[in-house]
Amino acid sequence: PESVGFIMIILAIDLIVFGSLIVLIIVASKDKKLDLFLFNRVLLGLMKNPMIVSIICGLLWSASGWSIPEPINDFIVMLGSAATPGALFAIGASLAQKSTERLEVAAWLSFCKLVLHPLAVCIAVFYVFRVELYAATVMIAAASLPVAGNIFMVAQHYNVAPKRASAAIFLSTVFSIFTVSFTIAWVSTFN
């Protein structure tokens with residue numbers, strides 16, 4: 001329970017800041033130029049992005065201190081419970097549709113996410129930003145998680161190697177059984 005606040009901050013930064021940067025990079029690379037209209041298109045796209053809008057609305061609602069009526073809360077919980085299986089089904093369908101392309105790239109991406117990302121976060125939280133110990137361990141453990149399903153949705157939407165993204169999600173999820181367990185055991189020794 002103590003880690004929930006840290007996880008919410010990590011998710012908000014990841015989806016709002018880094019998600020926005022990724023969309024900007026994708027759109028700029030497709031347009032082959034940076035101009036004011038590009039930023040307008042990206043900003044409009046971000047304002048229409050349901051993941052970003054829902055996080056901002058949730059943060060605003062939480063800050064207001066209002067409670068959610070029970071029927072609406074039940075519906076939201078049910079909808080949230082269906083999101084992950086639905087996304088995994090779409091990813092699995094993408095993998096089953098055709099053979100994966102460039103499996104070695106997906107393996108490299110999985111290695112980067114499962115090994116290099118937590119190491120980079122470890123260096124950042126202990127040596128660059130000097131984050132408090134408990135928050136640092138939560139950040140390192142969160143960084144060790146496999147490639148997220150929303151990466152597939154972005155790749156599919158912008159048609160940027162969706163099969164490679166789904167293969168990276170699959171591979172990193174399989175190997176995360178070992179790497180996440182190792183990372184959590186490792187950060188547990190910090191206390």
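Is Tyr-134 buried, partly exposed or exposed? In this predicted model, Tyr-134 has a relative accessibility of 31%, so it counts as partly exposed. Let's start from this residue and walk through the aromatic side chains.

The structure holds 5 aromatic pairs. In one of them, the ring centres of Phe-6 and Tyr-134 are 6.0 Å apart, and because their planes meet at 55°, the pair is tilted. Look at where the two partners sit: Phe-6 belongs to helix H1 (residues 4-31) and Tyr-134 to helix H6 (residues 133-143), so the pair ties together parts that are 128 residues apart in sequence. Phe-6 has a relative accessibility of 26%, so Phe-6 counts as partly exposed.

Now turn to Trp-61 and Trp-66. Their ring centres lie 5.3 Å apart with the planes at 80°; an angle over 60 degrees counts as edge-to-face, so that is the label for this pair. Trp-61, at 37% relative accessibility, counts as partly exposed, whereas Trp-66, at 58%, counts as exposed.

One more stop is worth a look while you have the structure open. Phe-126, Trp-186 and Phe-190 form one aromatic cluster.

Terms used:
Residues are numbered from 1 along each chain as its sequence is written. This is a predicted model: local features need pLDDT of at least 70, side-chain atom pairs count only at pLDDT 80 or more; totals for chains, interfaces and linings use all residues. Side-chain values use heavy atoms; hydrogens and water are left out. Rings of Phe, Tyr and Trp (its six-membered ring) pair if their centres lie within 6.5 Å; planes under 30 degrees apart count as stacked, over 60 as edge-to-face and the rest as tilted. Helices (H or I, at least four residues) and strands (E, at least two) are DSSP runs, numbered from the N terminus. Buried means under 20% relative accessible area, exposed over 50%, partly exposed in between (1.4 Å probe, protein chains only).
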